[in-house]
Amino acid sequence: MNKTVFRPFWSYDVVKTEEWLSQMHADGYALLRIHFAARLFYFEQTVPAAVFYRIVLEKKSNGVPSIYLENNIYAAVCSTSNYYVIRTEETEPEAAPSYNGFLSRNKKIKFVVGIILLFVVMLLGMNLMILITLAGALLFSGGTETVFFSDLAHTPQTPIEVFNAVMTFAFPVIVLLTITWLCYTYFKLRITNRQLEKLCGDTLDLSFTLPKDTLLSHAEMKKMSKNNKVIKKSKIAWIYAPDKVEIWLEKMEGRGYHLVRMSKLGNSFYFISSEPRKMKFHVDYQNSTDPSYYNLNKESGWKLFFTSISRTQSNNVWGNEYTDEPPMFYSDKESTLKHARRFALTYSLSFLPLCAMYIFAMGKFYFADFFMPQNPIFIGPFIIYAVVCIELGSFAVRTILYYFRVKKSFAEK
Amino acid sequence: MISEKVRKAYIPMSETAYYILLSLSEPRHGYGIIKFVEELTENRIILGSGTVYGTLAKMYKDKLISIYDDKDRKTIYRITGDGRQLILLEIERVKKVYVNTLTQEGYFHE
C-alpha cells in the first residue's frame, strides 16, 4: 500500500518534518520521494524500523553528495537539483549535513514577509475605516451568508454579477487569509530560525573565544585598579584608523604594558605593567561574523581582546604573541587589500551621505529667505551642524586614508 | 557545470585559493586546512586565518565548497562537484605551466 501526504508548510519547520518522516518509518511507511513544488510526500509500505531522515537544501547539489554515501552510514532516498534526502540508522552519525541552506532561505523569507507585514500594519493603521469595514464584512460572512443571499431583491444572474456578488464576500476573506498566512509564516520562522541557528553551531555566547588566561575578569580588574596596578588609556574614534592603534598597542606591549581588557564599547584600553613581549595586533572588520570566524582565528593562535556587541558590521581586536616572525592575520596581498577596502567602503558610504545632508541643511540655514542669515538664533545650530559634518567627514576620510596606507605598504615591500 | 563567471573569477587561481581547494581532497575545517597546507608546502606557505576565513566564505557563496558538518561550532567543509571541476581545470593549467617551465629552465642557468 502506498500513501501520499500533502504537507504545505513542511519547510517552515524542517526538523519537525524530519521527525515526522522518522515516525512514519517507525509506523511502516518509508519515504519514496518528495514532490517539492506540490509539497507532496510519497510513501511505500515497509518493515517498521528506527530510521533518521535528513532533508538538505543545497542549491545545485544535483544529487546526494557521494561523500555521505561512503562507509554506508547514509542511504540516499531521493534528490532533485536543489534538494536531497538521506537517511541513516545511526543516532549520532559522525557527520551530518548542515541546516544552513534552510536557515539562509528561511531568513530571507522572514525578512520579505516582515516587510510586507509592516506595510500591511501601516496601511491598516492609516485607514482605520478599512479595518472597520473589514470587520463588518467578516461578521456578515460568518454564517449569515445564505440568509443574506435569499434576501436579495435581485438575484445575480449574469456570470459577471455572480462573480461580483461572490467577490464582495470572498475578497475580505482572501485578504484575511493572506494576512493570517503571512503572520503564521513570520512567527513560525522566528521560532524555527533560532532553532536552526543553534543546530548550525551558532550561539550568541562568545565566551568560548575569550582568552581567559590573559584577560582579566571584571572583578579582578576592579581589585587591581584599586591598588593602582591597572593603567587605563582612552581613545576616541580610534576605529577609523585601525592600523595606528595596532602599532600603538604593539609598542605598549614592547614596553611591557600588557593589554588585559577593553571596555564594552571599545574606547578604553586597560594595561598592566609586566615584562616586555612581542605581540602582533590586528583590528579586523567583518560585515558579519559567525562562530567559525572566532573559532578559526582562536585555533590559529589569535586572542580576542574585543568584539563589537553587534554581530553585523563588527570590529574585532585580535592579538598574537610571537618570538621570531610576526604572524599575519591576512597572509596575502589580495585578502589584505580586500579587508581594507571593505572597511573603508562601508564606513565612508555610511558617513558621506549624512555629511551631504548636513551640508544641504546648512545651505538652507544660510540661504533660505525666511531665515535671516545674520540672525544670532541660527548661528548655534549652524555651528553644531558644521561640527557634526566635519566630524563625520573626517571619519570617512580617515577610513579612506587607512586603505591607501595599506595599499602603499605593499608598494614599499 | 561551472558558470563562465565563476571560471573567469577563479582561473588563474591565486596561490592561496589553489592550495585551499587542493587541501579539500577530504573534508577539513579551517584550521585543518592551514595545517595541511603548511605540511604540504613544508612551511613555505603559512596561511593567515583571516585569509582562510574570507576565501572559504567566498567559495561557499560561489558553491565551490559546501558544509560537510557543523555540529559543534567547527565548520567542516567539503568540495562540491563544481569545485572539483574548477580545481581540475586549474590543475591542467598548472601542469602546462610546469612542462613549459622544465623546457625553458635550462636556458636561464649559466
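**Notes on the predicted two-chain model**

1. Start with A:Leu21, which sits in helix H1 of chain A, the helix running over residues 14–26. Bear in mind throughout that this is a predicted model. A:Leu21 is buried because 26 other C-beta atoms fall within 10 Å, and the cut-off for that label is 20 or more. Leaving aside residues up to four places away in sequence, A:Leu21 touches A:Leu31 and A:Tyr53. There is also A:Phe41 to look at: it is 20 residues away from A:Leu21 along the chain, and the two C-alpha atoms are 9.4 Å apart.

2. Next, strand S4 of chain A, residues 52–57. S4(A) is mostly covered, with five of its six residues buried. Its pairing with strand S6 of chain A (residues 83–88) is antiparallel and runs over six bridges.

3. Now strand S1 of chain A, residues 2–6. Zero of its five residues are buried, so S1(A) lies largely in the open. S1(A) still has a pairing: strand S3 of chain A (residues 40–45) runs antiparallel to it, with five bridges. Within that pairing, A:Phe6 has A:Leu40 of S3(A) as its bridge partner.

4. On to the interface. Chain A puts 31 residues in contact with 31 residues of chain B. On the chain A side, helix H9 (291–299) and helix H10 (333–367) each supply at least two of the residues involved. Which element gives the largest share of that side? It is H9(A), with seven residues. By type, the chain A side divides into twelve nonpolar, eleven polar and eight charged residues.

5. The buried ones are A:Pro291, A:Ser292, A:Tyr293, A:Tyr294, A:Asn295, A:Leu296 and A:Asn297. What do the buried residues of H9(A) pack against? Within chain A, the partners are strand S10 (279–288), strand S11 (303–307) and strand S12 (312–321); from chain B come helix H3 (30–40) and helix H4 (49–61). Just past the helix, A:Gly301 takes a positive phi of about 100°.

6. A few backbone spots to check by eye. For context, most residues other than glycine have a negative phi, and most peptide bonds are trans. A:Lys60 is not a glycine, yet its phi is positive, near 60°. A:Lys60 lies in the loop between S4 and helix H2 (66–69) of chain A. Is A:Lys60 buried or partly exposed? It counts as partly exposed, because there are 14 C-beta neighbours inside 10 Å.

7. B:Glu42 shows a positive phi of about 50° although it is not a glycine, and its place is the loop between H3 and H4 of chain B. With 7 C-beta neighbours inside 10 Å, B:Glu42 counts as exposed. Note that those flanking helices, H3 and H4 of chain B, turn up again in the packing against the buried residues of H9(A).

8. Last one: the peptide bond from B:Ile11 to B:Pro12 is cis, with omega near -5°. B:Pro12 is found in the loop between helix H1 (4–10) and helix H2 (15–23) of chain B.

Key
Residues numbered from 1 in each chain as written. Chains lettered and ligands numbered in written order. Predicted model: local features only at pLDDT ≥ 70, side-chain atom pairs only at ≥ 80, totals over all residues. Helix = DSSP H or I, 4+ residues; strand = E, 2+ residues; numbered from the N terminus. Buried ≥ 20, exposed ≤ 12 C-beta atoms within 10 Å, placed from the backbone. Contact = placed C-beta atoms within 7 Å. Nonpolar A, V, L, I, M, F, W, Y, C, P; charged D, E, K, R; others polar. Pairing = 2+ DSSP bridges.
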